[in-house]
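Trainee: I would like to go through this structure term by term. For each label, please give me the value and the rule behind it.

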Amino acid sequence: MKVVLQRSKAASVTVDGTVTGAIDHGYVLLVGITHEDTQEDVAYLAKKSS
């Protein structure tokens, strides 16, 4: 599991040409998860990211 934290002045998510989410400024988390990751891995990174 990998997490990349990035500060952003503006960001949005577009699916099939439709904006599904957007922020003016804040943090963007890019998360990569595999089938080998456990609930403990998720809990650790969630706690570390907050």
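Mentor: Start with a rule: a patch takes residues with over 30% relative accessible area and no salt bridge, and nonpolar side chains are joined within 5 Å. Keep in mind that this is a predicted model. Here Val 3, Leu 5, Tyr 27, Leu 29, Val 31 and Ile 33 make a nonpolar surface patch of about 600 Å².

Trainee: Which elements give two or more residues to the nonpolar patch?

Mentor: Strand E1 (2-8) and strand E4 (26-32) do. E4 gives the most, with three residues.

Trainee: What makes Tyr 27 count as exposed?

Mentor: Exposed means over 50% relative accessible area. Tyr 27 has 57% relative accessibility, so Tyr 27 counts as exposed. Its place is in strand E4.

Trainee: With which residues is Arg 7 in contact, leaving aside its neighbours within four places in sequence?

Mentor: With Gly 26 and Tyr 27. Contact means heavy atoms within 4.5 Å, so each of these two residues has a heavy atom within that distance of one in Arg 7. For Val 31, I can give a C-alpha to C-alpha distance: Arg 7 and Val 31 are 15 Å apart in space and 24 residues apart in sequence.

Trainee: What makes E2 and E3 a pair of strands?

Mentor: Two strands pair if there are at least two bridges between them. E2 and E3 have five bridges, in the antiparallel sense, so they pair. Among the bridge partners, Val 13 has Gly 21 in E3, and Ala 11 has Ile 23 in E3. The two strands form a hairpin with two residues between them.

Trainee: Where is Ala 10 found, and is Ala 10 buried or exposed?

Mentor: Ala 10 is found in the loop between E1 and E2. At 58% relative accessibility, Ala 10 counts as exposed, because the cut-off is over 50%.

Trainee: Which residues does Ala 10 touch, not counting residues up to four places away in sequence?

Mentor: Ile 23 and Asp 24. The C-alpha atoms of Ala 10 and Asp 24 are separated by 4.4 Å, although the two residues are 14 residues apart along the chain.

Trainee: Why is Lys 47 called exposed?

Mentor: Lys 47 has a relative accessible area of 68%, and exposed means over 50%, so the label applies. The place of Lys 47 is in helix H1 (residues 39-49). Lys 47 and Glu 36 are 19 Å apart, C-alpha to C-alpha, and eleven residues apart in sequence.

Trainee: Why is E3 described as hardly covered?

Mentor: A buried residue has under 20% relative accessible area. The count of buried residues among the six residues of E3 is zero, so E3 is hardly covered. Over the protein, buried residues make up 6% of the 50 residues.

Trainee: How does the radius of gyration of the protein compare with that of a compact globule of 50 residues?

Mentor: The protein has 13 Å, whereas a compact globule of 50 residues would have a radius of gyration near 10 Å. Taken along the principal axes, the C-alpha atoms fill a box of roughly 35 × 25 × 10 Å.

Trainee: What share of the accessible surface belongs to carbon and sulfur atoms?

Mentor: The share is 56% of about 4,600 Å².

Key
Residues are numbered from 1 along each chain as its sequence is written. This is a predicted model: local features need pLDDT of at least 70, side-chain atom pairs count only at pLDDT 80 or more; totals for chains, interfaces and linings use all residues. Side-chain values use heavy atoms; hydrogens and water are left out. Patches are made of residues with over 30% relative accessible area and no salt bridge: like charges are joined within 9 Å, nonpolar side chains (Val, Leu, Ile, Met, Phe, Trp, Tyr) within 5 Å. Accessible areas come from the Shrake-Rupley method with a 1.4 Å probe; for residues, only the protein chains shown count as cover. A salt bridge is a side-chain nitrogen of Lys or Arg within 4 Å of a carboxyl oxygen of Asp or Glu. Helices (H or I, at least four residues) and strands (E, at least two) are DSSP runs, numbered from the N terminus. Buried means under 20% relative accessible area, exposed over 50%, partly exposed in between (1.4 Å probe, protein chains only). The radius of gyration is taken over C-alpha atoms; the globule rule is 2.2 Å times the number of residues to the power 0.38.
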